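Please look over the sequence and the model shown here before reading on.

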Amino acid sequence: MNSLTAIASLLLAGILTNNMVLAKFLGICPFLGVSKKVNTALSMSIAVTLVMVISTAVTYPIYKYILSPKYEYLETVVFILVIAAIVQLIEIFLKKFIKPIYNALGIYLPLITTNCAVLGITMLNITNELSYVESLFNALAAGLGFMLAMLLFSGVRERLETAEIPEFLKGLPITLISASLVSLSFLGFAGIGG
Amino acid sequence: MKNKNLGYFTNGLINENPVLRLVLGTCPTLAVTTAAINGIGMGLAATAVLVCSNAAISLLRNIIPDKVRIPAFITIIAGFVSVVQMLVKAFAPSIDKSLGIYLPLIVVNCIILARAEMFASKNPVLPSILDGLGMGIGFTATITLMGAIREILGAGTVFSLPVTSQFISPMIIFLLPPGGFFIFGILVAVSNALAKRKGKDIVMHLGCENCPSRGACNLKDTPESCDEKIIKEATVNE
Amino acid sequence: MSSFTDFIKSNKDSIIKPTVVMVCICIVVTLALSLSNLVTAPKIKVLEEKTQKDAMSRVIKADNYKRETKDITFDGGDTSETVTYYTAKNSKKIIGYIFVMNEKGYGGDVSVMTAINTDGTVKAVDILDVSNETPGLGQNSKKESFYSQYKGLKNNISVVKNSTDSSNNEIQAVTGATITSKAVTKAVNKSLEAFKKVSKGGGK
């Protein structure tokens, strides 16, 4: 029972209060770069969620059973290489065996290696001393939180396309200021599940 | 020759300022700029990594096969980041605490991989070091400025010294995430306005031409945003 | 066998060379890292011990601090936790206990050091780490005006907002940071509970 509530609060925190993008500022590049259309934003976030969960599943045991406690200083190097390899493997696997999914997500995968949200979540799981199951749910929550932020923001941006914008704010500035407003709305969740 | 070298250095300061012109490294720019001192800490750490990795990659540029270019770069960068992380832990623990997870995340700071890919892998050592130094200082200066603005508006202090906190009640919102996005937006708007006056292009989107993952994407060089390319590719695939 | 050598020969540039280069880079990087770890690790350890000691002498001044551990089952918890604490001694006499507790705050764990007098009242509280909390809000808990409120309190301290009388066992929350204040208070309460179980010697 206790662990169920723990997982529920992890999910709530990851999706709403501690949102990867809007509260922790991880994964800003895809958030600003691949959010012009709702469709592509959705595919991108599905790919990110997938990679986050699989990376956590692999890096966690590596840290616990190989790196800890003597080689903890190799964490950064090992994690980023493992993530890069996982992304490659997922891409090859999908290309070979599940063609439709590859067609939908394939182009997003290479963008994910250097996505700080993925490396960030694997490291946060370690620093927050979560258990294996908690880490997996935390990664899932982070992915879903990323998805929620991407979807909301791409909706806003589709509207922006047709809006009249003051000359000096055109382009990136208005994108950032709308992101500011979206993240303002997420402040309202503060305290849930705390 | 001397002038040319100087050009490599000054390039990153204004014309190709990594934060405001190339729009790279947005994550740390937004995350750690709640105080000016954090900006300096993050900036210097990133500069150290940038200079070292640029030098190393430039030295190895003819040895590393094209095929494993990106993983090789990432490994080298991660190595330098870990060393910097240990040094910061040993000599400046307070900075380690305030930067937290963003310190190891310098690995995925796009500025570093982007400069490795765009510059160091194609140029000799000295220009690469100068390029790294210029970019690093440009990055440091910009995020310190942003940290100072957010600190003065949000806490009424600069470098923890009280400035306006005595007579104006600080607006805490500027220290929170929305304030980060907002101030960054305004800074880009100002830099766009200055660029326009000088007859340069304004920054419309996250430039794909600077995106470090571009090599992996196999997307051709065109002045479109990542968005447009991906939307195009996605429709072709469908 | 010959097909294998043929395979290697024909793929010399596309497989062998990249692999060799990557392996070499990895080895060099790992060596460099273990070397710098060798240099910095002792320094980091000394520094951590010093910070810990400084914090301890801030909350309670004593000649020496003895590190001890005990398994404690907290009220409302199902399993026992191993709690590390320090006894502060002047010559041979115990003058107080020091606990360090981590509690979930707004953005992550907050780390709080609590010194408790032998009579069970809080001697002093020191906020060790609130770097995950919001700057300007939760991080204000580092101010003395907040944490000095705990001094002299006992048992089940509660958090109040904007109350005029801060009489029995209440502390005033940091403005706009109730969650952080509650986390700190929880850590202090937990230390008080642990103190009772430690000082009575009745573990369970």
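This is a predicted model: local features need pLDDT of at least 70, side-chain atom pairs count only at pLDDT 80 or more; totals for chains, interfaces and linings use all residues.

Residues are numbered from 1 along each chain as its sequence is written, and chains are lettered from A and ligands numbered from 1 in the order in which they are written.

Chain A has 9 helices and 0 strands; helices (H or I, at least four residues) and strands (E, at least two) are DSSP runs, numbered from the N terminus. Its radius of gyration is 18 Å, close to the 16 Å that the globule rule gives for 194 residues, so chain A is as compact as a globular protein of that length. That radius is taken over C-alpha atoms, and the rule is 2.2 Å times the number of residues to the power 0.38. Along the principal axes, the C-alpha atoms of chain A fill a box of roughly 55 × 45 × 30 Å. Of the 194 residues in chain A, 53% are buried, a residue being buried if 20 or more other C-beta atoms, placed from the backbone, lie within 10 Å of its own.

Chain A also meets chain B: 43 residues of chain A are in contact with 49 residues of chain B, where contact means C-beta atoms, placed from the backbone, within 7 Å. On the side of chain B that touches chain A, α8(B) gives the most, with 11 residues.

Within chain A, helix α7 covers residues 116-127. From its first C-alpha to its last, α7(A) reaches 16 Å, close to the 16 Å expected at 1.5 Å a residue; the expected span is 1.5 Å times one less than the number of residues. In α7(A), 11 of the 12 residues are buried, among them C116(A), G120(A) and N125(A). The cover over these buried residues includes α3, α4, α6 and α8 of chain A together with α2 of chain B. After α7(A) comes E129(A), with a positive phi near 55°.

β2(C) (residues 81-90) and β3(C) (residues 93-104) pair in the antiparallel sense over 6 bridges; strands pair if DSSP finds at least two bridges between them. K89(C) stands opposite I94(C) in β3(C). These strands, β2(C) and β3(C), form a hairpin with 2 residues between them, and S91(C) in the turn has a positive phi of about 45°. β3(C) also pairs with β4(C) (residues 109-117), in the antiparallel sense over 9 bridges.

Notes:
Two residues are in contact if their C-beta atoms, placed from the backbone, lie within 7 Å.
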